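Subject: Structure for you to look at

Hi,

Here is the structure I promised to pass on. Please open it first, then read my notes below with it on screen.

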Amino acid sequence: MWLVQLIETGTDKMEKKKKAFEFTPLWHMHPVVFPGAAGLLFLFVLISAIFPKRALMTFSQLQQAISHHFAWLYIGSMSFFLLFTLWLGLSRFGTTKLGKDDEKPEFSTGSWFAMLFSAGMGIGMLFFGVAEPMYHYLSPPVGEAQSLQAARQAMGLTLFHWGFHPWALYALVALCLAYFSYRKDLPLSFRSVFHPFLGDRVFGWPGHIIDILAVLATLFGLATSLGLGAKQINAGLHHVVGLPQSVEVQVGLIACITCMAVASLVSGLNAGIKRLSEANMLMASMLLLFIFVAGPTVHL
């Protein structure tokens, strides 16, 4: 009897912790994660704005040091993730449903595919799909520029960055989040992935720290894509309608894009993100068809 009571007490405590963690993400903020991430982000932006040259030098040196000393770790990790996800999909675990056994998919395959591309690689692939091969061709890491070897290196590096390897990494993260959320009924948060290691402590400060780091990593990644996208849109508008290329215009574009993104998030998956993603894929397909028909078709 005492063992049953102990188990029930432990279960009740866990349920209380889960309920204390749960919140409505569209309208309410997490009392610890949001202020912590926002404060660190504001501090980072403030320091970068006050000391722009020093910040640029520091980040450049840090990037070079990481590339020089840990390039092997990045390449090895990405290759491991690719092999692991392939094994996972082809093994008996590949039949595990990311939801309850009796549930049906909420979205069609076409809508899911559109959201996957639009919310995943959208701006980055559109920009670097063209820019990266040319960059490596004109400035290869090894060998002579604008040579056959440089062209082969350029395509190899581009395929490594935008081929199967990044999709394997995205799939692994998505699988972890979906499995613990929809199969184990844990919050849809990065802290839930660490539940097998930390137990109920993921609902306390260890979990808060994990989520704060996840928010910062996501924001820094989005800032890169958004910055490149704003420059690309600015260049396109300058070429078509003569809009000046300046930081002010790009900040305005970022503000407009951010407002649209927030509106789509607030309206939910079905109304906002799904429709925007489908419209995005439709326009991308029309652009592809236009280039194929109006461009050097035989050469392509």
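Helix α11 (residues 247–294) gives the most to a nonpolar surface patch, with six residues. Helices here are DSSP runs of H or I, at least four residues long, numbered from the N terminus. The patch is made up of Leu 126, Leu 287, Leu 289, Phe 290, Ile 291, Phe 292, Val 293 and Leu 300. Together they have about 850 Å² of accessible area, computed by the Shrake-Rupley method with a 1.4 Å probe and only the protein chains shown as cover. Patch residues have over 30% relative accessible area and no salt bridge, and nonpolar side chains (Val, Leu, Ile, Met, Phe, Trp, Tyr) are joined within 5 Å. Phe 290 sits in helix α11. Phe 290 is exposed, at 56% relative accessible area. (Exposed means over 50%, buried under 20%, partly exposed in between, with a 1.4 Å probe and protein chains only.)

A word on the source. This is a predicted model: local features need pLDDT of at least 70, side-chain atom pairs count only at pLDDT 80 or more, and totals for chains, interfaces and linings use all residues. Residues are numbered from 1 along each chain as its sequence is written, and side-chain values use heavy atoms, leaving out hydrogens and water.

Next, the salt bridges. Each is a side-chain nitrogen of Lys or Arg within 4 Å of a carboxyl oxygen of Asp or Glu. The whole structure has three.

- Asp 185 pairs with Lys 100 at 2.9 Å, N to O. Asp 185 is in the loop between α7 (164–183) and α8 (190–193), and Lys 100 in the loop between α3 (52–90) and α4 (109–120), so the pair ties together parts 85 residues apart in sequence.
- Asp 101 pairs with Arg 183, with the closest N and O atoms 2.9 Å apart. Asp 101 is in the loop between α3 and α4, Arg 183 in helix α7, 82 residues apart.
- Arg 191 pairs with Asp 211, with the closest N and O atoms 2.7 Å apart. Arg 191 is buried, at 0% relative accessible area. Asp 211 is buried too, at 8%.

Which side chain of opposite charge is nearest to Glu 132? It is Lys 231, 15 Å away. Glu 132 is buried and has no salt bridge.

Last, the cysteines. There are zero disulfides (pairs of cysteine sulfur atoms within 2.5 Å) in the structure. The sulfur of Cys 259 is 6.6 Å from its closest cysteine sulfur, in Cys 256, so it is too far for a bond.

Best wishes

Key: Patch = residues over 30% accessible without salt bridge, like charges linked within 9 Å, V, L, I, M, F, W, Y side chains within 5 Å. Helix = DSSP H or I, 4+ residues; strand = E, 2+ residues; numbered from the N terminus. Lys, Arg positive; Asp, Glu negative; His and termini not counted.
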